[in-house]
Structure formats: structure tokens, C-alpha cells
Amino acid sequence: MNLTVFTLLLYVFFRDFRPSEPYLTQYLRDYKNLTKNEVNNQVYPVWSYSQLPFLVLVLATTDTLRFRPLIWLGALGYVATWALLVFGKGVEMMQMMQVTYALGTACEIAYKSYVFVAVPKELYSSTSFYLAAATLLGRSLSSFTSAILVDYSVPLLTLNWISLGSVVIALAVSLLIPAPEFLFAPPIHTSEEVNTCSRIVKEKLFTLKQNAFLSYKSGQTRRWTYWAVTAFTLYFMVGNTSQSFWKEIEPRRTDFKRLNGYVIGAHALLGSFTSGILTRYSRRLEGATGSLMCLLILAMSLTTLLPTLFPHLYLAYICDVIFNVLVSCTTTIATFKIAHSLTTNLFGFVVGINSCVASVLDLLISLIVVEQSVLGLGPTMQYRVYAAMGASSVVGYLVYRAYRVIYKCNNPATSFTSFFNESVIIEEPQTDDVLINA
């Protein structure tokens with residue numbers, strides 16, 4: 001492990017060490033005196049609305065700004081988030097808190113892309129393993145710390161002070177991250193001098209178009225992108241609603257014990273462990289198929305639906321842990337398949353595009369499901385809608401598979417077996433195209 005990766009891992013650890021997060025809904029309700037509807041329908045949806053424009057901005061400027069400024073900007077976003085949580089009051093300040101949090105999460109693409117231009121392609125697996133370990137340590141340690149402190153009646157405001165201190169340290173560490181040594185050629189301009197803003201915009205759009213063509217020309221990349229986007233979208237939607245759902249179904253008596261910190265720590269620990277194991281033994285993932293993804297997505301939908309049918313808090317805790325482990329499995333497998341389907345060094349670009357698509361879906365669904373002027377559903381009904389959407393994505397895939405079998409199979413005798421064997425009819429010929437310097 002070189003100094004660059006080690007510095008980045010320190011940044012990831014302190015950025016993710018935020019012990020106040022498992023109790024954010026309780027903090028907003030009890031300490032900031034916000035109502036249930038204000039938290040669920042006015043504050044939390046702002047993250048979904050803000051995430052997309054920040055993602056587009058980050059994706060468009062990552063290469064130009066050379067990654068580090070965006071990492072710094074993301075760290076500043078997290079510092080502003082917890083400063084607002086500590087000092088801000090009222091719905092407007094908490095909505096601004098969600099905007100700065102969206103800035104921080106959007107800029108995570110920069111550090112992920114930075115890694116994949118700072119290390120050779122053959123080290124992708126080991127670097128991903130180290131990043132998963134840093135994320136695991138930061139999130140699980142902060143969650144278990146918060147649970148223990150809450151058990152000892154430490155005020156939630158104190159947890160937010162600790163989180164603020166941690167992200168300030170992360171900002172300081174981010175300033176030590178060295179400039180990357182690019183493993184691929186920078187964009188080659190068609191003109192020696194670029195003096196106008198319109199020319200710069202046109203060249204940037206041309207670059208994005210070329211990168212998109214190079215990244216998604218493979219049918220395998222597109223298919224596994226479908227599963228990655230599906231898993232990310234479900235993760236965004238359920239993650240934004242989980243604490244509100246727990247608050248809604250928690251017992252009315254005062255002697256019960258909230259286990260938010262332990263639960264979030266457990267799913268961070270198990271999810272990262274699962275991701276690390278799958279990454280470590282990545283050769284065995286080469287045989288993964290869409291059928292496996294269907295089962296994983298259906299299981300995610302089931303764990304989302306089950307606690308709404310049997311509204312017990314501890315059942316919801318168990319389902320949440322299982323859900324996040326399934327998300328880790330799905331995203332790890334899909335990411336591995338995408339990385340090995342690319343013929344160019346544009347893995348970071350693909351990650352950014354996939355995140356943008358997932359954010360667009362999350363935004364559209366939030367506008368319909370959460371917004372008061374449209375459906376304005378509560379947490380329980382939101383969970384049911386998300387479960388139905390996960391099942392619908394599987395149905396959509398099966399319909400696509402059936403279409404390919406019926407209309408694209410040259411040998412009707414193999415139609416039934418080819419439905420379960422992707423390589424028979426879906427695999428498209430791979431070509432070694434020359435990388436366009438764009």
C-alpha cells in the first residue's frame with residue numbers, strides 16, 4: 001500500500017466516523033422540535049432533490065479539476081452539514097443541512113475515481129478491498145460507539161459534536177492527498193488555444209459523449225449497469241426512509257430499548273465484510289448471471305415489505321441488516337462485472353454515470369411518493385412502494401429476456417435453455433477498440 005492510498009483511507013475513515021447518524025430522526029424530532037411530517041416530507045426529500053445537480057456538476061468537472069478540489073469540496077460539505085446540525089434551528093436550516101449533505105455524498109465520486117486513476121488496473125481489487133475495510137471501520141465503529149453512548153444517556157447533541165470533529169479531521173487529511181499520476185492520456189484539444197467559454201463547453205460535452213460511447217458500447221456493461229442502478233436506487237430510497245419508519249412503528253411505552261446504532265453498525269460490518277470477501281475471491285464472480293441478480297433483488301424487496309406487514313421494531317431491524325447485506329452483494333458483483341467488461345480506463349466515469357441515473361430515479365420517485373403536493377405517503381406506504389419497484393425491476397428484466405429468446409434466437413430448439421443461459425443469446429461480440437483521447 002503506497003502513501004497515496006493510505007492517506008485516502010484515513011480520509012474515508014474519519015469522513016465515515018459519524019456517531020450521530022443512527023439517531024438523526026430522533027435528534028430532529030426531539031432536539032430540533034420538528035414534526036413527523038416536517039422531517040419525512042420537508043427535510044429528508046431535499047437530499048434527493050439536491051443530489052442530482054451536484055452529481056452532474058462533479059461528473060462534468062472531475063477530470064478538469066483533477067479530483068482533489070472535489071474531494072476537498074465534499075469534505076467541506078460534510079463539515080457544513082454537522083455545523084448546521086449543531087447550530088442550526090428550524091425547517092429551513094435543516095433543509096440546508098440536507099443540501100450540504102448532498103454535496104458531500106455527490107463528491108464521493110471524486111475520491112472513487114481518484115483511486116482508479118492512481119493505481120494500475122490489476123490493483124483494482126486490492127484497492128477496493130482496502131476502501132471497503134476503511135468504510136467498514138469508520139461506519140461500524142461510529143455506529144457501535146453511538147449505541148454505547150446512548151445506552152449511557154449521553155445527549156444526542158454530544159454525538160453531533162463528535163461527528164463534527166471527525167469530519168473536520170477528514171477535511172484536514174484530505175488536504176494531504178497528493179495529486180494523482182494519470183494512467184491514461186489527458187484530453188487532446190483540436191485547437192491550440194481555447195479562449196471562449198462556448199468552445200470549452202462544446203469540448204466538455206464532446207468528451208462526455210466519447211466517454212459514454214466507450215463505456216457503454218458493451219452489452220455486458222449495460223446489463224450489469226442495470227442491476228447496479230437498481231440496487232443503488234433501492235438503497236437510496238430505503239436508506240432515506242428507514243429511521244422514520246422505525247420511529248413510526250416503535251412501541252409507545254418508554255421502557256423499550258432503541259438499537260439504531262447497533263443495527264446500522266451491524267449492517268455496515270456485515271455488508272462490508274460480504275463485499276470484501278466477494279472482492280477477495282473475485283474469480284468466482286465470473287459465473288454470476290442475471291438470474292442470481294433477480295434472486296438478490298427479490299430478496300431485497302421481500303425484506304423491505306415484510307416489516308410493513310408485521311410492524312415490529314426488532315423485525316424491522318433484522319430486515320434492515322439483511323437488506324443492506326443483499327445490497328452489498330448485488331453492488332459488488334455488478335461492479336466487478338462492469339470493471340471487467342470495460343476495454344478502457346473509464347471505470348470512474350461509469351460509476352459516476354450510474355450514480356447519476358440512480359439519483360434521477362430517486363428524485364423522480366421522491367417527487368411522486370414523498371412530496372406533499374402529490375401522494376405524500378408515510379414511511380410504511382413508502383416501504384411498500386419501494387418493495388413493489390424492486391419486484392418490478394425483476395419483472396422488467398424477465399420480459400427483456402423473454403423478448404430476446406423469442407425474437408433474437410436463431411435456433412428455436414435452444415430457446416428455453418437460453419432463457420437461463422445469458423451467454424447463448426445476450427452476449428455481444430467484444431471488440432478491442434482504440435481508446436479515443438477525449
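**Salt bridges, loops and helix packing**

Me: Is Arg-18 buried or exposed?
Reply: Arg-18 has a relative accessibility of 5%. Buried means under 20% relative accessible area, exposed over 50% and partly exposed in between (1.4 Å probe, protein chains only). Arg-18 therefore counts as buried.

Me: What pLDDT do local features need in this model?
Reply: Residues are numbered from 1 along each chain as its sequence is written, and side-chain values use heavy atoms, with hydrogens and water left out. This is a predicted model in which totals for chains, interfaces and linings use all residues, side-chain atom pairs count only at pLDDT 80 or more, and local features need pLDDT of at least 70.

Me: Which residue forms a salt bridge with Arg-18 at 3.8 Å?
Reply: A salt bridge requires a side-chain nitrogen of Lys or Arg within 4 Å of a carboxyl oxygen of Asp or Glu. With the closest N and O atoms 3.8 Å apart, Arg-18 is paired with Asp-16.

Me: How many residues apart in sequence are the parts that Arg-139 and Asp-16 tie together?
Reply: The side chains of Arg-139 and Asp-16 meet in a salt bridge of 3.8 Å, N to O. Helices here are DSSP runs of H or I with at least four residues, numbered from the N terminus. Arg-139 lies in helix H8 and Asp-16 in helix H1 (residues 3-16), so the parts tied together are apart in sequence by 123 residues.

Me: How many residues separate Glu-248 and Lys-36?
Reply: Glu-248 and Lys-36 form a salt bridge with their closest N and O atoms 2.8 Å apart. Glu-248 is in helix H11 and Lys-36 in helix H3, and the pair links distant parts of the chain, with a separation of 212 residues.

Me: What is the phi of Asn-33?
Reply: Asn-33 lies in the loop between helix H2 (24-30) and helix H3 (36-43). Its relative accessibility is 61%, so Asn-33 counts as exposed. Although Asn-33 is not a glycine, its phi is positive, at about 60°.

Me: What is the phi of Ser-153?
Reply: Ser-153 lies in the loop between helix H8 (124-151) and helix H9 (156-174). Ser-153 is exposed because its relative accessible area is 63%. Phi is positive in this residue other than glycine, with a value near 65°.

Me: How is H5 oriented relative to H6?
Reply: Helix H5 (residues 68-87) and helix H6 (residues 90-106) pack with their axes 7 Å apart, at an angle of about 160°. Axes are lines fitted to C-alpha atoms, for helices over the stretch in contact, and angles run from 0 to 180 degrees between N-to-C directions. Angles under 35 degrees count as roughly parallel, over 145 as roughly antiparallel, 65 to 115 as roughly perpendicular and the rest as oblique. H5 is therefore, relative to H6, roughly antiparallel.

Me: How is H3 oriented relative to H6?
Reply: H3 and H6 pack with their axes 10 Å apart, at an angle of about 40°. This angle makes the orientation of H3 to H6 oblique.

Key: Helix = DSSP H or I, 4+ residues; strand = E, 2+ residues; numbered from the N terminus.
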